Amino acid sequence: MSSKLGEILVRENLVTPQQLREALEYQRTSGGRLGANLVKLGIISDDVITAILSRQYGVPSINLDLFQIEDAVIKLISQEVALKYTVLPVSKVGATLTLAMADPTNVFAMDDIKFMTGFNVQPVIASEASIQMSVGKYYGGSNQIDIFDAAIAFETEKAGSRNGKNGHSKNGSKGAKGPQKLSAADLDVSLGSFDFESQETEEFEVVQDNEEIDLATLARASEDAPVVRLVNVLMVDSLRRGASDIHVEPYEKDFRIRFRIDGVLYDVMHPPMKMRDPLISRLKIMAKLDISEKRLPQDGRIKIKVKIDARSRELDFRVSTLPTLFGEKVVLRLLDKDKLMLDMSKLGFEPESLEMFQRNISNPYGMVLVTGPTGSGKTNTLYSALQTLNTPETNIMTAEDPVEFNLEGINQVQMKEQIGLNFAAALRSFLRQDPNIILVGEIRDFETAEIAIKAALTGHLVLSTLHTNDAPSTISRLVNMGIEPFLVATSVNIIQAQRLIRRICVDCKEEVHFPVEGLVEIGFSAEEAAKIKTYKGKGCEICLNTGFKGRVGLYEVMEITDELRELIIIGASAIELRRKAIELGMITLRQSGLTKLRDGITTVEEVVKETVL
């Protein structure tokens with residue numbers, strides 16, 4: 001875009017080649033769009049740039065000074081988004097939102113705003129300066145997001161110094177370490193906020209398979225201000241949107257970033273391919289990983305402190321890299337302490353299931369197993385149980401891979417397979433540490449299962465997880481691992497299977513009709529189906545137009561009674577165990593989901609997606 005604009009201006013004798021060179025040189029040192037820099041240097045006026053861009057892209061231009069925009073229209077887009085993309089909502093007619101944009105080619109900004117508002121977007125061109133002035137006028141000031149992680153601040157300051165932003169020469173002082181304050185306009189980097197095409201191309205060149213990797217150049221590129229800011233905004237934006245994971249995915253001709261929000265992945269950004277290696281390297285440097293190692297998976301952690309809306313937050317990201325065909329995929333799991341729910345009564349248990357689970361974790365010995373797929377909230381449930389049991393009189397030890405949250409008063413051990421510290425080795429050591437309660441992050445093999453069961457039989461309460469589809473099939477899984485049925489029967493106190501389903505957004509919840517036959521088909525009786533009211537979320541700004549906000553657990557709690565122990569010892573199948581457990585009052589995952597439907601907490605589709613009859 002920049003070079004084409006410059007060519008047009010020179011061709012039409014609006015600027016001289018020398019003036020264009022000056023503007024491009026200024027752009028290299030200060031960043032920003034070419035048009036905005038020409039205006040800043042006093043070479044050309046805002047109106048001329050806007051008129052040229054309007055003609056170039058075939059998009060009408062607009063003078064924002066002549067408009068008085070309604071409050072209802074302004075509220076459709078937050079100030080953050082307006083600053084992030086340099087846009088301003090102008091008017092709404094039917095399902096179409098007219099949007100003033102400094103860069104009308106930024107389809108990612110339009111897609112994001114369409115996703116947030118639910119309206120079709122009609123772009124018009126306005127100058128960057130007029131949009132920024134209008135944002136200040138209609139929103140009244142700008143929020144500040146303060147990143148004061150020392151490492152990030154130092155790297156950002158170095159990048160600024162190198163680019164001449166802090167008044168230092170290239171070989172001058174780097175500046176003192178300390179808090180680095182970035183305004184929302186500086187921090188919220190997206191394809192619309194930076195003219196990435198104008199950046200130096202030498203440092204951002206995509207390395208081909210047959211080329212050597214210059215690590216020094218790559219490290220320098222990863223510290224450039226646009227890369228640092230983009231990483232910062234990804235982390236802050238993931239927190240604002242309530243994301244649990246950030247996926248950074250390189251492909252042959254695309255570079256995609258997605259957020260997982262309430263269990264569902266959403267496309268949020270497609271940075272230029274030249275950003276791929278610097279951005280991934282930046283993440284690896286922050287996570288203290290080896291940027292020269294691109295052939296093997298690596299795991300690390302990033303901790304930063306961030307101030308959002310005058311509130312200080314500590315963010316903890318678990319980082320995993322994986323070599324793929326076209327580069328390393330990076331997944332960051334946001335470990336937000338504020339989202340850790342340690343009050344078991346608020347997790348979504350049915351009252352009878354909660355009473356049963358609490359009774360069994362209060363036993364002095366035996367095994368408590370929590371099962372479910374990855375991301376089903378098993379860790380949260382176990383941490384809640386430990387918090388309930390955590391007293392000064394109790395010695396609690398955990399073996400985890402990884403340790404997700406630090407719990408005060410509990411001895412937590414991080415597994416390190418590369419040096420031989422696995423679950424089995426940790427468990428053996430635990431038994432020499434006079435424990436009362438042991439948590440094993442996951443039972444993966446016979447050795448770990450055997451030691452855990454022996455611990456449960458020798459006076460310790462053992463909590464652990466397994467990957468099985470439901471509670472009864474956990475017994476078969478242990479037996480298949482090689483554990484004798486009589487040992488399973490005598491050691492296991494309770495097995496709990498769980499899933500997470502999305503909650504309907506309370507701000508846009510509305511009643512919807514669902515056929516009675518369909519409700520009967522998913523498990524309701526005909527009488528109950530005729531009375532049930534079903535709901536869904538219409539979609540609003542609070543829930544990003546998804547209709548869902550937050551998640552709730554479904555729980556299947558199977559207490560091992562004497563009747564079930566007899567069946568386990570004689571080798572009964574999972575189907576027989578399930579049938580007997582239901583006879584004894586076990587609430588299945590589907591029944592737990594139907595309860596959430598009765599209470600208007602979730603939708604039929606969510607229950608059907610996560611459970612079976």
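Contact, as the word is used in these legends, means that heavy atoms lie within 4.5 Å. The model shown is predicted.

**Figure 1. Overview of the predicted protein model****.** The secondary structure of the protein comes to 25 helices and 20 strands. Of its 613 residues, 51% are buried. Among the contacts with a separation of 6 or more, 66% are made by residues 24 or more positions apart. The accessible surface is about 28100 Å², and carbon and sulfur atoms account for 50% of that surface.

**Figure 2. Leu 88 and the largest nonpolar core****.** This core holds 65 residues, and those touching the most other members are Leu 88, Ile 113, Met 235, Val 248, Ile 257, Ile 302 and Leu 332. Helix α12 (residues 225-240) gives the most to the core, namely 8 residues. Apart from this core lies another, of 52 residues, which includes Met 415, Phe 423, Val 492 and Val 604. When residues up to four places away in sequence are not counted, Leu 88 touches Leu 64, Ile 69, Ile 74, Thr 98, Leu 99, Ala 100, Ile 131, Ser 134, Val 135, Tyr 138 and Tyr 139.

**Figure 3. The buried residues of helix α16****.** Helix α16 spans residues 423-430, and its buried residues are Phe 423, Ala 424, Ala 426, Leu 427 and Phe 430. Seen down the axis of α16, these residues fall within an arc of 160°, and therefore they line one face of the helix. As background, an α-helix has 3.6 residues a turn, so residues three or four places apart point the same way. The elements that cover the buried residues of α16 include the strands β13 (396-400), β14 (411-414) and β15 (437-440), together with helix α17 (446-457).

**Figure 4. The stacked rings of Phe 349 and Tyr 555****.** The structure holds 4 aromatic pairs. In this one, the ring centres of Phe 349 and Tyr 555 are 3.9 Å apart and the planes meet at 10°, so the pair is stacked. The two residues are 206 residues apart, and their pair links distant parts of the chain: Phe 349 belongs to the loop between β11 (327-334) and α14 (351-361), while Tyr 555 belongs to strand β20 (residues 548-559). Both Phe 349 and Tyr 555 are buried. Ring pairs also bring in Phe 357, which forms a cluster with Phe 349 and Tyr 555.

**Figure 5. The edge-to-face rings of Tyr 383 and Phe 405****.** The centres of these two rings are separated by 6.2 Å, with 75° between the planes. Tyr 383 lies in helix α15 (residues 378-389) and Phe 405 in the loop between β13 and β14, so the pair ties together parts that are 22 residues apart in sequence. Tyr 383 and Phe 405 are both buried.

**Figure 6. Charged residues over aromatic rings****.** Arg 502 is positioned over the face of Phe 548, at 4.0 Å from the ring centre. In a second example, Lys 509 lies over the face of Tyr 535, where the distance to the ring centre is 4.7 Å.

**Figure 7. The surroundings of Pro 104****.** Pro 104 is found in the loop between β2 (96-101) and α7 (107-117). Its relative accessible area is 9%, and a residue counts as buried under 20%, so Pro 104 is buried. Leaving aside residues up to four places away in sequence, Pro 104 touches Tyr 57, Val 59, Met 110, Pro 123 and Ile 125. The C-alpha atoms of Pro 104 and Gly 58 are separated by 9.8 Å, although these residues are 46 residues apart along the chain.

Note on methods: Residues are numbered from 1 along each chain as its sequence is written. This is a predicted model: local features need pLDDT of at least 70, side-chain atom pairs count only at pLDDT 80 or more; totals for chains, interfaces and linings use all residues. Side-chain values use heavy atoms; hydrogens and water are left out. Buried means under 20% relative accessible area, exposed over 50%, partly exposed in between (1.4 Å probe, protein chains only). Helices (H or I, at least four residues) and strands (E, at least two) are DSSP runs, numbered from the N terminus. The arc is that of the directions from the helix axis to the C-beta atoms. A nonpolar core is a set of buried Ala, Val, Leu, Ile, Met, Phe, Trp, Tyr and Cys residues joined through side-chain atoms within 4.5 Å. Rings of Phe, Tyr and Trp (its six-membered ring) pair if their centres lie within 6.5 Å; planes under 30 degrees apart count as stacked, over 60 as edge-to-face and the rest as tilted. A charge sits over a ring if NZ of Lys or CZ of Arg is within 6 Å of the ring centre and within 35 degrees of the ring normal. Accessible areas come from the Shrake-Rupley method with a 1.4 Å probe; for residues, only the protein chains shown count as cover.
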